[in-house]
Amino acid sequence: MNVTDFEFLCHILRDRSGLVLTNDKAYLLESRLLPVARKWKLATFDDLVRQLRTKMEEAVIKDVVEAMTTNESFFFRDGKPFEQFQNVVMPHILQARAGTKTLRIWSAACSSGQEPYSLAMILSDLSAQLAGWRIEIVGSDLSTEVLQRAKDGQYSQFEVQRGLPITMLIKHFSQKGDRWVINPQIQSMVQFKHFNLLHDPAPLGRFDIVFCRNVLIYFDQQTKTRVLNSIARIMPEDGILFLGGAETVLGITDKFQMLQDHRGIYGVAPNARPSVAAGGAA
Ligand SMILES: C[S@@+](CC[C@H](N)C(=O)[O-])C[C@H]1O[C@@H](n2cnc3c(N)ncnc32)[C@H](O)[C@@H]1O
């Protein structure tokens with residue numbers, strides 16, 4: 001691949017998804033885009049680039065962008081954020097929203113659904129305390145392919161073995177051939193929507209809790225700032241943001257502050273969540 005083709009594709013990816021590709025990832029372009037070329041009945045990667053240069057067909061661009069996304073995910077990924085959700089954030093929410101009994105959670109780059117379903121399983125286990133509550137979990141992603149997998153709610157043995165406690169597997173899944181199918185009760189707790197994080201999230205409504213994990217790492221600093229600032233705008237004063245282990249708000253935005261003693265969880269700035277910041281439990 002020549003430098004001009006690399007730069008041409010990088011421009012499309014950055015513009016459409018925020019993905020920033022460094023030179024050392026050039027090999028990924030060819031390996032991931034060859035199947036896209038074949039899908040569009042083009043013999044080679046170079047033919048695909050040529051076709052894009054002559055006609056920027058939306059359907060082809062969509063396939064190119066989706067093929068370049070990294071969709072790695074697993075249930076209860078990294079453990080700690082889900083413990084914090086259950087043991088720090090939910091006690092605060094139960095107290096702070098006792099009047100309205102409403103809770104909206106957004107899994108903002110949900111891939112094949114493991115993240116929002118992990119949250120749904122935790123909330124399902126809290127059902128006695130949440131009786132009478134109106135709870136919405138929205139999972140969104142740029143990739144329609146992973147969203148379809150999320151909606152299907154079917155996982156391989158390998159996928160359920162990564163992070164999902166056996167007790168949760170037995171309780172919330174049933175086996176169908178070599179697939180594990182999430183129970184309809186958990187599935188019905190999550191709505192899946194197509195959403196590009198580069199767009200304004202206001203139409204999705206307001207969210208008390210946002211999981212935006214392991215996606216900002218692919219963006220440049222300016223895009224990270226833009227995305228985090230627009231997320232802050234759709235959160236209440238005591239909203240809580242979860243980022244991935246390699247992500248931070250430091251040096252990126254002043255709209256969120258890390259909660260004292262709770263690494264990886266961020267509150268909407270300035271300190272508006274004293275009960276959580278002080279250690280959580282209501
Ligand atoms: C590595 S996965 C993270 C999944 C999950 N949040 C987790 O931590 O396990 C990153 C996801 O971000 C999605 N993504 C990438 N760029 C996006 C964008 N601009 N808008 C929405 N989703 C995007 C990808 O399609 C992919 O499914």
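1. Arg-14 is partly exposed, with a relative accessible area of 43%, where partly exposed covers the range between buried (under 20% relative accessible area) and exposed (over 50%), worked out with a 1.4 Å probe on protein chains only. The model is a predicted one, in which local features need pLDDT of at least 70 and side-chain atom pairs count only at pLDDT 80 or more, while totals for chains, interfaces and linings use all residues. Residues are numbered from 1 along each chain as its sequence is written, and side-chain values use heavy atoms, with hydrogens and water left out.

2. Arg-14 forms a salt bridge with Asp-220, and the closest N and O atoms are 2.6 Å apart; a salt bridge here is a side-chain nitrogen of Lys or Arg within 4 Å of a carboxyl oxygen of Asp or Glu. This pair links distant parts of the chain, since Arg-14 sits in helix H1 (residues 3-17) and Asp-220 in the loop between strand S7 (209-212) and helix H11 (221-233), 206 residues apart. Helices (H or I, at least four residues) and strands (E, at least two) are DSSP runs numbered from the N terminus. Asp-220 is buried, with a relative accessible area of 16%.

3. How many salt bridges does a search of the whole structure find? The search finds 17 salt bridges, and among them is the one between Glu-57 and Lys-55, whose closest N and O atoms are 3.5 Å apart. Glu-57 counts as partly exposed, at 25% relative accessibility.

4. The side chains of Lys-171 and Asp-125 also meet in a salt bridge, at 2.8 Å from N to O. Because Lys-171 lies in helix H9 and Asp-125 in helix H6 (residues 114-125), the pair ties together parts that are 46 residues apart in sequence. Asp-125 counts as partly exposed, at 36% relative accessibility. Elsewhere, salt bridges that share partners join Asp-15, Arg-16 and Glu-58 into one network.

5. His-172 is found in helix H9, which covers residues 166-172, and this histidine is buried, with a relative accessible area of 3%. Not counting residues up to four places away in sequence, His-172 touches Met-121, Ser-124, Asp-125, Val-181, Ile-182, Asn-183 and Ile-186, where contact means heavy atoms within 4.5 Å.

6. Leaving aside neighbours within four places in sequence, Met-90 is in contact with Phe-85, Leu-103, Leu-123, Leu-126 and Leu-130. The C-alpha atoms of Met-90 and Leu-123 are separated by 8.9 Å, although these residues are 33 residues apart along the chain.

7. An open sheet of seven strands runs in the order S6-S2-S1-S7-S8-S10-S9, with mixed pairing, and two strands pair if DSSP finds at least two bridges between them. The edge strands, strand S6 (190-194) and strand S9 (256-259), each pair on one side only. Neighbouring strands of this sheet are turned by 25 degrees against each other on average, direction ignored. S7 and strand S8 (residues 240-243) pair in the parallel sense over four bridges, and Cys-212 stands opposite Leu-243 in S8.

8. Helix H6 lies across strand S1 (102-107), strand S2 (134-141), S6 and S7, running at about 165 degrees to S2. For such angles, axes are lines fitted to C-alpha atoms, for helices over the stretch in contact, and the values run from 0 to 180 degrees between N-to-C directions.
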